[in-house]
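Have the viewer open and follow along.

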Amino acid sequence: MSYDKNNIFARMVRGEIPCITVHEDAETLAFMDIMPQAQGHTLVIPKIAGESLLDSPPASVAAVIRTTQRVARAVKTAFSCPGLIVTQFNGALAGQTVFHLHFHIIPVYAETSLKMHARGKADPAELEDQARRIRAALAGG
Ligand code: AMP
């Protein structure tokens with residue numbers, strides 16, 4: 001499959017559609033997943049086009065991994081989650097639904113099991129509140 005430059009994440013990078021951003025720099029963007037599997041579920045993407053880990057330029061992969069580590073630490077601080085899953089899917093058969101490289105940061109809580117992948121939109125106000133907590137952790141506050 002060739003890269004579709006109008007996929008939803010590419011459109012977010014260009015600012016054509018909104019997202020609830022927690023971090024942005026020259027190479028990467030991190031935002032709340034609108035169909036979260038757990039409270040604090042965040043996505044991290046490179047700005048450069050690439051469908052998956054397999055076809056993305058190494059510099060882009062390096063940048064997105066750096067941001068993923070940084071945001072994952074902030075998510076852990078913000079939600080005090082005892083566990084944290086970082087996942088990344090390559091190809092529809094593997095579960096990929098948006099064909100622009102992205103990493104999932106999914107908190108794991110002792111008392112709550114994960115929701116299904118990409119099902120059921122969360123309350124935007126709750127996502128805004130979660131994003132505010134992650135931004136504060138990123139800022140060290
Ligand atoms: P994947 O199956 O790994 O490709 O995951 C794509 C993720 O993107 C899913 O977890 C979706 O819930 C999420 N998603 C889809 N559309 C949006 C959107 N507009 N804003 C934020 N997250 C989205």
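D55 sits in the loop between β3 and α2; helices here are DSSP runs of H or I with at least four residues, strands are runs of E with at least two, and both are numbered from the N terminus. The model is predicted, so local features need pLDDT of at least 70 and side-chain atom pairs count only at pLDDT 80 or more, while totals for chains, interfaces and linings use all residues. Numbering runs from 1 along each chain as its sequence is written, and side-chain values use heavy atoms, with hydrogens and water left out.

With 43% relative accessibility, D55 counts as partly exposed (buried is under 20% relative accessible area, exposed is over 50%, partly exposed is in between, using a 1.4 Å probe and protein chains only). What does its side chain do? A polar atom of the D55 side chain lies 3.0 Å from the backbone nitrogen of E51, and one lies 2.8 Å from the backbone nitrogen of S52. For polar contacts, the rule is a pair of N or O atoms within 3.5 Å; within protein, one must be able to donate a hydrogen and the other to accept it, and residues adjacent in sequence count only if both atoms are side-chain atoms.

| Pair | Apart in sequence | C-alpha to C-alpha |
|---|---|---|
| D55 and D129 | 74 residues | 35 Å |
| A118 and V98 | 20 residues | 10 Å |

A118 from the table is in the loop between β5 and α3, and it is partly exposed at 31% relative accessible area.

On to α2. Its 22 residues should span 32 Å at 1.5 Å a residue, and the end C-alpha atoms are 31 Å apart, which agrees (the expected span is 1.5 Å times one less than the number of residues). The buried residues of α2 include V61, V64, T67, V71, V75 and F79. As a group, the buried residues of α2 pack against β1, β2, β3, β4 (83-87), β5 (103-108) and α3. T67 is buried, at 7% relative accessible area. Leaving aside residues up to four places away in sequence, T67 touches H23, D25, T28 and V44, where contact means heavy atoms within 4.5 Å.

Now α3, residues 124-138: it has 15 residues and reaches 21 Å from first C-alpha to last, close to the 21 Å expected at 1.5 Å a residue. Which residues of α3 are buried? They are L127, Q130, A131, I134, A137 and L138. These cover an arc of only 120 degrees around the axis, which puts them on the same side of α3; the arc is that of the directions from the helix axis to the C-beta atoms. An α-helix has 3.6 residues a turn, so residues three or four places apart point the same way. The cover over the buried residues of α3 includes β1 (21-24), β2 (28-32), β3 (42-46) and α2 (58-79).

Both ends of α3 have something to look at. At its start, a side-chain oxygen of D123 reaches to within 2.9 Å of the backbone nitrogen of A125. After α3 comes G140, whose phi is positive, near 85 degrees.
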